[in-house]
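Have the viewer open as you read.

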Amino acid sequence: GFTLNATRSETSLSQRFYDVLGDKKRHPSTGFEYALSLIFSQFCTRTDLYGFSNNGGGAYHDTEHLMQNSHNSEFESWVLHYIMKYHEKLGVCVYI
């Protein structure tokens, strides 16, 4: 199985999404990892997410910030939007 907070012998859910791409050079951002952890914990009935744009630009505290190339912002945005659109019971809303 998978865990949300992986140990050395386990693979995190966010890493499994990346493994599907087959791109060994990239890894999940911490924001993506934490967002998935919160969504699938079902601790909240609704989760509003901000800052997961598909261009990797900007942050609330630094609008000039760009996401590192070691992450795939387009893919992370797509996954979260997919969850929002096709898994309504999880209560996810992504704002860009």
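What follows goes from the overall layout to helix packing, then the strands, then a few individual residues.

**Ground rules**

This is a predicted model, so to speak of local features takes pLDDT of at least 70 and side-chain atom pairs count only at pLDDT 80 or more, while totals for chains, interfaces and linings use all residues. Residues are numbered from 1 along each chain as its sequence is written, and side-chain values use heavy atoms, with hydrogens and water left out.

**Layout**

The chain has three helices and two strands, taking helices (H or I, at least four residues) and strands (E, at least two) as DSSP runs numbered from the N terminus. Going along the sequence, the order reads α-α-β-α-β. Of the 96 residues, 33% are buried, where buried means under 20% relative accessible area, exposed over 50% and partly exposed in between, using a 1.4 Å probe and protein chains only. Take the contacts (heavy atoms within 4.5 Å) between residues at least 6 apart in sequence: 53% of them join residues at least 24 apart.

**How the helices pack**

Two packed helices are described by the angle between their axes and the distance between the axes. Here the axes are lines fitted to C-alpha atoms, for helices over the stretch in contact, and angles run from 0 to 180 degrees between N-to-C directions.

| Helix pair | Angle | Axis distance |
|---|---|---|
| Helix 2 (residues 30-41) and helix 3 (residues 73-86) | about 15 degrees | 11 Å |
| Helix 1 (residues 13-21) and helix 3 | about 115 degrees | 11 Å |
| Helix 1 and helix 2 | about 115 degrees | 8 Å |

Start with helix 2 and helix 3, which pack at about 15 degrees. That angle makes helix 2 roughly parallel to helix 3; the cut-offs are under 35 degrees for roughly parallel, over 145 for roughly antiparallel, 65 to 115 for roughly perpendicular and oblique for the rest. Their crossing is left-handed, meaning that the near helix is turned anticlockwise from the far one by less than a right angle, with clockwise giving right-handed. Helix 2 brings Phe-32, Ala-35, Leu-36, Ile-39 and Phe-40 to this contact, and helix 3 brings Glu-76, Val-79, Leu-80 and Ile-83. By type, that's eight nonpolar residues, no polar ones and one charged. For the record, Ala, Val, Leu, Ile, Met, Phe, Trp, Tyr, Cys and Pro count as nonpolar, Asp, Glu, Lys and Arg as charged, and the others, Gly among them, as polar.

Helix 1 and helix 3 cross in a right-handed way. Phe-17, Tyr-18 and Leu-21 of helix 1 meet Phe-75, Glu-76 and Val-79 of helix 3, a set with five nonpolar, no polar and one charged residue.

That leaves helix 1 and helix 2, with their axes 8 Å apart. Leu-13, Ser-14, Phe-17 and Tyr-18 sit on the helix 1 side of the contact, with Phe-32, Glu-33, Leu-36 and Phe-40 on the helix 2 side.

**The strands**

Strand 1 (residues 47-50) and strand 2 (residues 92-95) run parallel and are joined by four bridges; pairing takes at least two DSSP bridges between two strands. One of the links is Thr-47 with its partner Val-92 in strand 2. Thr-47 and Leu-49 lie on the covered face of strand 1, while Asp-48 and Tyr-50 are on the uncovered one.

**Residues to click on**

Ile-39, in helix 2, is buried at 2% relative accessibility. Skipping residues up to four places away in sequence, Ile-39 touches Thr-47, Leu-49, Leu-80, Leu-90 and Val-92. Leu-90 is 51 residues away from Ile-39 in sequence, yet their C-alpha atoms are 6.7 Å apart.

Phe-40, also placed in helix 2, is partly exposed at 34%. Its C-alpha is 9.6 Å from that of Leu-13, 27 residues away along the chain.

His-71 is in the loop between strand 1 and helix 3 and is buried, with a relative accessible area of 14%. Leaving out residues up to four places away, His-71 touches Tyr-18, Arg-26, His-27, Pro-28, Ser-29 and Glu-76.

Lastly, a backbone detail. Most residues other than glycine have a negative phi. Gln-42 has a positive phi of about 60 degrees although it isn't a glycine. Gln-42 belongs to the loop between helix 2 and strand 1 and is exposed, at 59% relative accessibility.
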